[in-house]
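Hi everyone, thanks for coming. I'd like to walk you through one model today, residue by residue in places, so let me put it on the screen.

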Amino acid sequence: MNTTAATTTDWNALDNASFRATVREFFEKHFPGEWRYPQRRLRWSEIGPWYLKLSEKGWVAPSWPTQYGGMGLSPEKLIIFIEEQERWGVARAPDMGITMVGPLLINHGNEAQRAYYLPKIIAGEHIWCQGYSEPNSGSDLASLRTEAVVDGDDFIVNGQKTWTTLAQDATHIFLLVRTDKSAKKQEGISFLLADMTTPGITVRPIRNIAGSEDFCEVFLENVRVPRTSIVGELNKGWTIAKALLGFERIFLGSPKQSQYALARVREAGQRLGLFEDTGFVDRYTKLALDVADLGALYGRFIEQVKRGETLGPDVSMLKLFATETYSRLADLLVDVMGSSGGTPGSTALPGGKTDALTTFYNARPATIYGGSNEVQRNILAASVLKLPS
Amino acid sequence: MTTTHDSERAEQLTLLRESALSFAAKASPLHRARALRQQTPGFDRQFWAALAEQGWTGLLVSEKMGGYEQGFAEMAEVVAALATQVAPEPVVPVLVFAGRLLAHAVPSDLATRLLTEMAEGRTLPAVAWQEDITGAKDRTDQAATRLERQADALLLNGSKRHVRPGAGADGYIVSATGPGGLALVWVPADTADLTVTSQPLADGSYAAQLDFNNVRLPASHLLAEGPNAVAALTRAYDETLVSTSVELLALVRGMLSMTQDYLRTRVQFGKPIGTFQSLQHRAVDLLLQQELTASIVTQALALLDSPDSDASARSAMASRVKSRASDAGLQVAREAVQLHGAIGVTDEYDLGLYLQRALVLAAWLGNGSQQRRRYADLTQNATEQEHA
Ligand SMILES: Cc1cc2nc3c(=O)[nH]c(=O)nc-3n(C[C@H](O)[C@H](O)[C@H](O)COP(=O)(O)OP(=O)(O)OC[C@H]3O[C@@H](n4cnc5c(N)ncnc54)[C@H](O)[C@@H]3O)c2cc1C
């Protein structure tokens, strides 16, 4: 069978160039062209087939150890894999199971949990969403109030999660819940896994300003979750959730999104003859250099990862500069569209279409999720500059 | 003497502001604006009739034509009150842009009739002058659309873009180049061989593209021609830039006020997020943009209302204020979203109504950069003349 063949390949034994070539060839040949560089999160109905194709190839979990069905890539090879994905504009499938639940169970779960969940994630049978944020707990996540109370062999969960990306497509949700109200806020939190079909779970999609339903509210009303679904120890969920912030954080600061936006600005500039215009050329070049220098900053952190070093709090700089450069590019794109700058969707320019507002809309959440840029600045001020609080 | 007059006017303006704000808040709650999005024509003709009943459709129109002959400062109170509620009615495009253009085209009989009907709220004229996809190449003294005269008829060929309202207009004042130079022609919406393509805008309203394919019109539909036409279009355009800035300012105020409330009430880490100094400073920066815009808007309105303002000063001022207001509108929109966090990017939260309208108005008739270019052109010429 295909899968067995794939999982037995020792990818790390390949030299980097051949590994890159292998990955590139597969993406170029098999990734559906219509979903390259999507400008919104794709739904399972759209990108599910790709997930299944990767699964069949044995490539759906590049970072997991081979014993669990992953590719077992070293950090260096994993970076190549991700670089090739980005290079070809391969869309993200709902990958919370791969990037979060898998590593979590591998490091903190028990044998039974690994045996049950991991193969189903690999197979694309379980699609996960992340139930952390609540209406009153965003940046201050540790204040969360969704509560789980022990009742016989179950927890009974009550509360509400929100901004849950693609919950409407998920079969499972991983939750941070409060299990001890008397403890200090970080110390009374546990990590639970729940099946979305459990009675008492209701999902309401939320439309965003771009008009798509990328995230949802998840209501939990007397939801019975078996006690066996807790990951790690009772009241130790916060530590586990924190530990999940591995080196993948670096990808929030990838220059890819900005490079893509810069290409759109360049294209629009050419179509409109703006490279004759020194005012535009100055603004464009300033941003082009920002994007290039972001690449240099990113490269520094990538080297660190390749050397197997752990990333420090200074990696927050990447997210700041990446998302804010992207936002400035979106502004320039809207700006060059002039009187068409308030028109959503594609506008036909001489030589091709440009969609400025989608970039503008995408730039808004980028500075909010994954730890808002204000929170990242707080981290840098405190942990890198060591300023007093 | 002047001071008594000024203080009387100020008092009247305050009264008008109060009544316009209370009317708008009552008759146009935000959910009305929300419900009309993407529902052609994108606004409510009955609401328009209510505006007419208030006398506001005739505010700028001369008394001879059934109007109230008020100034731009008065109009601004009504415009701002409606913009505060993100009301979708095309008040500025119709009453200021088309209305003023018609007023400048008087003594044309047709202009007089249209203006009278507009003041009564019966006719909604729109201006169709832009042709370029980004507007960068559009100028108020030129048009690629061609006008030919044939015996007793006019023949139009060409295309127009960025026409607001993009649906629901009763006719269009179209700029075209003819034998007598730039011409302004009235084209009723139901004219044969005119194609109107409505394009949805970010705020759920519409802009139109008009295509004229040998459109025939009676000779009486020529509203103005030559230097008069250029002067009329330029003046109405400038007056519209200022009035659009009034709308943008109202949106800025709305967004900053929502953000202020949110900073006061949203609690994270055990305190209102407005206690975080980094956010306080950001809010103050928005206040600064709001007040810069407000100051320049006030000056611009006074200039429009002064009987002896000259055309080039008006144009420079109009571009200057639209540049500030467009950029402030976008900056405040972006920052307001950021300061709200995730709720700010949702469609159901009302901030989005303001943001989408700000996107539309910042772009309409030329965004910040485009207005700065025009300003530079206008003022450089002026300096050259001074030095000559
Ligand atoms: C598109 C998108 C997808 C998301 N997907 C998920 C998901 O799948 N699962 C999930 O659990 N969550 C998800 N989130 C939620 C995300 O994690 C939160 O939006 C984020 O933590 C910020 O919280 P908040 O939105 O409540 O904003 P708040 O925390 O209320 O912040 C409001 C404003 O205050 C600022 N602020 C807050 N605290 C401070 C401080 N101490 N100092 C200075 N400024 C401060 C913020 O930066 C922001 O500007 C998603 C969010 C978005 C936008």
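Let's begin with Ser190(A), which is buried, at a relative accessible area of 0%. Buried here means under 20% relative accessible area, exposed means over 50%, and partly exposed is in between, with a 1.4 Å probe and protein chains only.

Before I go on, a word on what you're looking at: this is a predicted model, where local features need pLDDT of at least 70, side-chain atom pairs count only at pLDDT 80 or more, and totals for chains, interfaces and linings use all residues. Residues are numbered from 1 along each chain as its sequence is written, chains are lettered from A and ligands numbered from 1 in the order in which they are written, and side-chain values use heavy atoms, with hydrogens and water left out.

Back to Ser190(A), which sits in strand β5, residues 189-195 of chain A. Helices (H or I, at least four residues) and strands (E, at least two) are DSSP runs, numbered from the N terminus. A polar atom of the Ser190(A) side chain is 2.8 Å from the backbone nitrogen of Asn235(A). Setting aside residues up to four places away in sequence, Ser190(A) touches several others, including Leu175(A), Val177(A), Ile230(A) and Gly237(A); contact means heavy atoms within 4.5 Å.

For contrast, look at Gly33(A), in the loop between α2 (16-30) and α3 (44-57) of chain A. Gly33(A) is exposed, with a relative accessible area of 54%. Its C-alpha atom is 31 Å from that of Leu320(A), which is 287 residues away along the chain.

Now helix α5 of chain A, residues 96-108. How many of its residues are buried? The count is 10 of the 13, so the helix is largely enclosed by the rest of the structure. Among the buried ones are Met96(A), Ile98(A), Val101(A), Pro103(A) and Leu105(A).

Over in chain B, His340(B) lies in helix α9 and is buried, with a relative accessible area of 5%. Beyond its neighbours within four places in sequence, His340(B) is in contact with Met258(B), Thr259(B), Tyr262(B), Tyr349(B) and Leu351(B).

On to the ligand. Which chains surround it? Residues from both A and B do, so the site is shared between chains. The shell has 27 residues, and the closest are Ser139(A), Thr165(A), Ser372(A), Glu374(A) and Arg266(B). That shell divides into 12 nonpolar, 13 polar and two charged residues. At least two shell residues come from each of β3 (154-165) and α12 (373-384) of chain A, and α8 (277-305) and α9 (311-340) of chain B.

Here are some distances. A polar side-chain atom of Ser139(A) is 2.6 Å from a ligand oxygen atom, and a polar side-chain atom of Arg266(B) is 2.7 Å from a ligand oxygen atom. A polar backbone atom of Trp163(A) is 2.8 Å from a nitrogen atom of the ligand. Taken alone, the ligand exposes 970 Å², and the protein buries 91% of that.

Finally, confidence. The predictor gives the complex an ipTM of 0.96 and a pTM of 0.96. pLDDT, the predictor's confidence in each residue from 0 to 100, averages 94 in chain A, with 97% of residues at 70 or more. Chain B averages 96, and 97% of its residues score at least 70. One stretch to treat with care is residues 1-7 of chain A, where pLDDT stays under 50.

Methods:
Polar contact = N/O pair within 3.5 Å; in protein donor to acceptor, adjacent residues only side chain to side chain. Near = heavy atom within 4 Å. Areas by Shrake-Rupley, 256 points an atom, 1.4 Å probe, with all protein chains shown as cover. Nonpolar A, V, L, I, M, F, W, Y, C, P; charged D, E, K, R; others polar.
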